[in-house]
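Please take a moment to look over the structure shown here before reading on. The report then walks through it step by step.

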Amino acid sequence: MNDTIDFKASKPDPRVWMFLVVIISFLTVLCGSRLELFILFAALAVIMTWQKMLATVIYFVAFYTALLVLNEFLWLISIPPVSMVVGMLVLLLFRLMPVYMAYIILLEKTSINELIIALEQMHIPKMLIIPLAVVYRYIPTVKYEILYIKDSLKMRGLNPSLTGMFLQPVTTVEKFMIPLLIRSGKLADELSAAALCKGLDAEHPRTSCTGVRFEQKDAVCCVICAVAAGTLIFLHYYPGFGHLVL
Amino acid sequence: MTENLLQQHSTMQKKTIIEFHDVHVTYRNRNRESLTGFSLNVKQGEFVVLTGKSGCGKTTVTRCINSLIPNFFDAELQGEVFVGGLDIKTASMRDISRRVGSVFQDPRSQFFTLHVRSELAFPSENYGIERHIMQKQIKKTVHDLHLNTLLTRSIFTLSSGEKQKVAVASVYALEPDIYVFDEPSANLDETGTDQLLAVLSILKAKGHTVIIAEHKLAYLKDLLDRVVFIEDGQGKEEFSGRDFFAKPDQWFRDKGLRHFDGTALRPAANTLETQAPLLQAVAISFGYKRGKPILNGISLSAYRGEITGIMGKNGVGKSTLLRVLMGLEKQHRGEILLEGKPASTKARMQNSFYVMQDVDYQLFAPSVWEEILLGCKESSSIVAKAEEYLRFFHLESYKEAHPAALSGGQKQRLAIALAGMRNAKILFLDEPTSGLDGENMAKVSELIRKLAQEGRCIFVISHDYEFAINTFDKIFSLEEDGRLTRLSFDNNRAECSTQK
């Protein structure tokens, strides 16, 4: 019999990543300067590297650099309406990217059963947890669904590209949404049936195979996060201190 | 003879574990009964296969056994169903599920977590089993079902056969007495089916009760104790495995069942290689960014009116080959010629039509009639053509129906009709018969032949030997090294042999 199966819970705890998502969301709203957003981006890139998500880090760094270049370029050519609209879009992306990155970390580093257990231990009602878990499970599949639909649109001579979307927004959305909704409905049904047949319900307490526990080192991670966030906010409202340090 | 009697005696003594007594089931959104007075007794340790045409009610029977009816599906249930001594009308879903392990048709949507290890633990966690017991049971499962190599994998990286294996394993850890399967082999290739068979043999050897609703029965030949033939919601006839497989071919055809032992079927022999090829691939290679090439110097020619079959293991790159040929991907090396001239991806795409494995992705319109006219310029000739196709494809009475409300076979037929509506010279179909019964399979085969006779060149991916041998003019197998070998059918065997 194979006794080498590793039953350790993944670390840091799911709650650390959830905390990170919340903190980053607050920070992107509170501190919106370009420098501050860049600091958030850099911090998350470091966390991703620490978690060995190298391919993801490279992808985000490349994307960020492309955005920076585009932004500078827009200032150079300066065609008022274009620069305005695209510039706003770029700024919006700068702002959303840290939250997206934090979410990716949560998604990649937490398995769904550990997430459910962590939420249960936080005394969140199960009526909320189960739908949340279904959504969490569904997100990674959406990508594949969209790719399939895109291919089939192409073969039917309907243009699913960006230009096509601008030229015929209503048709494209309609042609995209109908199969996506039908597939999603079907998938959600099958998923729920499978979960019920595996004994998931709202009343009975679950146990954990891996022993999910919020330990001291998880607390340390959260504290570091909180202190870093506090510093950023402090410097945002009292920029004078920043100048003193620098 | 005496052995037979002894066996009978020992099953007589075993207690009945599943009992259906005059059961009627009506789904709320359908106006007719899906089960009409169905009765069945299954003894502990029996291996029972339910079969019949699509829509005959066999899936409904499995849903009663795992009590998704009445707990999950909106359906009215009359009569009595006892599973492991529990009345499904009063027992909770949770109590039934503890005794019944369920495995479904689509391996993509039956996993709740995204990793093999956490999926194995998921049901036990739901039942609040203590950690050290759970870990011991998971270790036992991994050992019994030989899962060591899969344990650390992500669900997305598993082949379909491996997914079904994991699906069984995740309920195995809870040690239920009864296992119920709904068309578990529908999406599997030969290797996958073999893997499934191996797991089923283990379940039977351990004395579990197994109930399978299935179209393709040949692979279960040596395992099954009893076949229940269901028609119009009733258990019409029951056979022992030996009696069932001894039936003449005509019987299977009359009942709309699949039947394949390879003896009575002959390959369609059409040689069209005298004319100039319509599509030619010359030494094409292709691979995604990293890893080894999927297509490695493939050359082939396809002619008007010809149906080319492409077979090979799951995940070997058959769909990729089709995507390159039809222009959704660009080949890295080599050339693709259309009517003798080099063709760009765009030119190929304009001349092609693709019927995907999952036709749900391809149906956009609110009704069958609008669907079939979608993307066509409306004129009287087009309308006449659309009507002709709907008639020929037996869909004319569903003109106003929403495509999502059609059955699997009807959707597949509609998607093939769409292909006929477009004036594409080349047609690509991916697994058009997965999950179809014998009757629908024969229809699909006939339709594909019609489209070919109209002068189209057709490529079909399939794992379905019964369908392949009756439909294809020429068969290639895509190998793991990215090369293509031409196959020929051996009349006396279900397997193909390689032509030198």
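**Ground rules**

This is a predicted model, in which local features need pLDDT of at least 70 and side-chain atom pairs count only at pLDDT 80 or more, while totals for chains, interfaces and linings use all residues. Residues are numbered from 1 along each chain as its sequence is written, chains are lettered from A and ligands numbered from 1 in the order in which they are written, and side-chain values use heavy atoms, with hydrogens and water left out.

**Chain A**

Let us begin with the overall build. Chain A has 10 helices and zero strands, where helices (H or I, at least four residues) and strands (E, at least two) are DSSP runs numbered from the N terminus. Its C-alpha atoms fill a box of roughly 65 × 60 × 35 Å along the principal axes. Of the 246 residues in chain A, 41% are buried; buried means under 20% relative accessible area, exposed over 50%, and partly exposed in between, with a 1.4 Å probe and protein chains only.

Contacts tell us how the chain folds back on itself. Contact means heavy atoms within 4.5 Å. Among contacts in chain A between residues at least 6 apart in sequence, 78% join residues at least 24 apart.

The accessible surface of chain A is about 13800 Å², and 75% of it belongs to carbon and sulfur atoms. Such areas come from the Shrake-Rupley method with a 1.4 Å probe, and for residues only the protein chains shown count as cover.

For "transmembrane region", an unreviewed UniProt entry lists residues 16-45, 57-78, 84-106 and 219-238 of chain A. UniProt positions are given in the numbering used here, feature names are shortened, and annotations may be inferred rather than shown by experiment. In residues 16-45 of chain A, the span is 90% helix and 0% strand, with its end C-alpha atoms 16 Å apart. Residues 219-238 of chain A are 95% helix and 0% strand, and there the end C-alpha atoms are 28 Å apart.

Now look inside helix H6 (residues 126-155) of chain A, where you will find A:Thr141. Is A:Thr141 buried or exposed? At 10% relative accessibility, A:Thr141 counts as buried. Leaving aside neighbours within four places in sequence, A:Thr141 is in contact with A:Leu187 and with B:Phe156 of the other chain.

**Nonpolar cores**

A nonpolar core is a set of buried Ala, Val, Leu, Ile, Met, Phe, Trp, Tyr and Cys residues joined through side-chain atoms within 4.5 Å. The largest has 51 residues, and those with the most contacts inside it are B:Phe47, B:Phe181, B:Leu200 and B:Phe244. Helix H7 (residues 160-172) of chain B gives the most to this core, with six residues. Another core lies apart from it and has 44 residues, among them A:Leu20, A:Val57, A:Leu115 and A:Leu119.

Which residues does B:Phe47 touch, leaving aside its neighbours within four places in sequence? Its contacts include B:Leu200, B:Val210, B:Ile212 and B:Leu220, along with B:Lys204 and B:Arg226.

**Chain B**

An unreviewed UniProt entry places the feature "domain: ABC transporter" at residues 18-257 and 279-500 of chain B. The span of residues 18-257 of chain B is 35% helix and 25% strand, and its end C-alpha atoms lie 25 Å apart.

Helix H2 (residues 58-65) of chain B is largely enclosed by the rest of the structure, because six of its eight residues are buried. Among them are B:Val61, B:Cys64 and B:Ile65. Just after H2(B), B:Ser67 takes a positive phi of about 60°. Further along, the peptide bond from B:Ile69 to B:Pro70 is cis, with omega near 10°, and B:Pro70 is in helix H3 (residues 68-71) of chain B.

B:Gly37 sits in strand S2 (residues 35-43) of chain B and is partly exposed, with a relative accessible area of 22%.

| Residue | Phi | Relative accessible area |
|---|---|---|
| A:His123 | about 60° | 72%, exposed |
| B:Asp232 | about 50° | 55%, exposed |

A:His123 lies between helix H5 (112-121) and H6 of chain A, and B:Asp232 between strand S9 (226-231) and strand S10 (234-239) of chain B.
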